[in-house]
Amino acid sequence: MAMAALRREGRRFAPLISPQPITAARSSIISGEQAPLGVRSISTQIVRNRMKSVKNIQKITKAMKMVAASKLRAIQVRAENSRGLWQPFTALLGDTPSVDVKKNVIITISSDKGLCGGINSTSVKTSKAIYKLTSGPDKEAKYVILGEKAKAQLIRDSRKDIAISIAELQKNPLNYTQVSVLADDILKNVEFDALRIVFNKFQSVVSFLPTVATILSPEVVEREAASGGSLGDLDSYEIEGGETKSEILQNLAEFQFSCVMFNAVLENACSEQGARMSAMDSSSRNAGDMLDLEGGILMYEIVTRLGV
């Protein structure tokens, strides 16, 4: 309120200020005779131009916040419903991130666009940490990247370890068919003992949790079962029909991967929109604070010129 009154007063006194010829070289700084001793006086026109630019930026950030909120509402319900797809697989096959295997594939899910805080950097840092833990003389680790932002960061020092890179996944509305085709392509083009999917699980508009989901190959599942490893409740079921246990495990692994991928992509999309809402809200508030500050500077210049 006070700053708004100052701006109104500044506009009221502006016509009373006698125009003074200022050369182009001195357009940004008023001469020493016009300013108090020891004070550099900034041209009011420069301040007005800056305020106009900040107002335009504030309009853009507010509009981006509204767009992100609209997209978040559309995706959030689908992400919450998709959690029911992978939970039965966790109970059946378990989720063993600490399993020791030779061939690891790290699937890093990120966004294609920026202005969403540090959500993509979090995924990349988690992926790099997993890479260090799963690589070694007798081990092999590769990246599969979804999203341009993770690719831009990982390609700097891990170009040779990137097996597949996919962009514009969210260009069209996400559905299970689209993700299952993508999962099938990944399975055909990489050899793995364990797939480790890195994504951000949505918790609230201002909170997301870096998450790693592990899917084992059928051979590793059988090996773990034979050695007494933890595999959920799989061994408590009886297998009937013409298919062997290996064939059933193969089908379960493929179905599990597509379900977990579908949930991970939706969760990460929710987290992205929530982070973008938070970032744009902070930017809008910062722009408002800058407008108040520059309004005070403008009023100071006017009062200084009037000699008050």
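View 1. The backbone oxygen of Ile130 lies 2.8 Å from a polar atom of the Thr134 side chain. This is a predicted model, and Thr134 is part of helix H3. Is Thr134 buried or exposed? With a relative accessibility of 9%, Thr134 counts as buried, since the cut-off for buried is under 20%. Leaving aside residues up to four places away in sequence, Thr134 touches Asn104, Ile106, Lys139, Ala141 and Arg196.

**View 2. Asn120, another buried residue of helix H3.** Here we move to Asn120, in the helix that covers residues 119–134. Asn120 has 6% relative accessibility, so it counts as buried too. Its side chain makes a polar contact, at 2.9 Å, with the side chain of Ser111. Ser111 also turns up among the residues that Asn120 touches, along with Ser110, Lys113, Lys149 and Gln153; residues up to four places away in sequence are not counted.

**View 3. Helix H5, end to end.** Helix H5 takes in residues 176–189. At the N-terminal end sits a cap, Asn175: one of its side-chain oxygens lies 3.2 Å from the backbone nitrogen of Thr177.

**View 4. The two sides of helix H5.** Which residues of H5 are buried? They are Val179, Leu182, Ala183 and Ile186. Looking down the axis of H5, these buried residues fall within an arc of 100°, so they line one face of the helix. An α-helix has 3.6 residues a turn, so residues three or four places apart point the same way. Thr177 and Lys188, on the other side of H5, are exposed. And what covers the buried residues? The cover includes strand S2 (140–146), strand S3 (162–166) and helix H7 (245–306).

**View 5. The largest pocket and its lining.** This pocket holds about 540 Å³ of space. Its lining is made up of 22 residues, and those closest to the centre are Lys71, Lys113, Gln170, Glu272 and Gln273. Which helix gives the largest share of the lining? That is H2, with 7 residues. Helix H2 runs over residues 44–93, and both H2 and H7 supply at least two residues of the lining. H7 is also part of what covers the buried residues of H5.

Definitions and conventions: Residues are numbered from 1 along each chain as its sequence is written. This is a predicted model: local features need pLDDT of at least 70, side-chain atom pairs count only at pLDDT 80 or more; totals for chains, interfaces and linings use all residues. Side-chain values use heavy atoms; hydrogens and water are left out. Helices (H or I, at least four residues) and strands (E, at least two) are DSSP runs, numbered from the N terminus. The expected span of a helix is 1.5 Å times one less than its number of residues. Buried means under 20% relative accessible area, exposed over 50%, partly exposed in between (1.4 Å probe, protein chains only). The arc is that of the directions from the helix axis to the C-beta atoms. Contact means heavy atoms within 4.5 Å. A polar contact is a pair of N or O atoms within 3.5 Å; within protein, one must be able to donate a hydrogen and the other to accept it, and residues adjacent in sequence count only if both atoms are side-chain atoms. On a 1 Å grid over the protein atoms alone, a cavity is a set of points where a 1.4 Å probe fits but cannot get out, and a pocket is an open set with protein on both sides within 12 Å along at least five of seven lines; lining residues have an atom within 4 Å of a point. Grid points are joined across faces, edges and corners, and a volume is the space filled by probe spheres set on the points.
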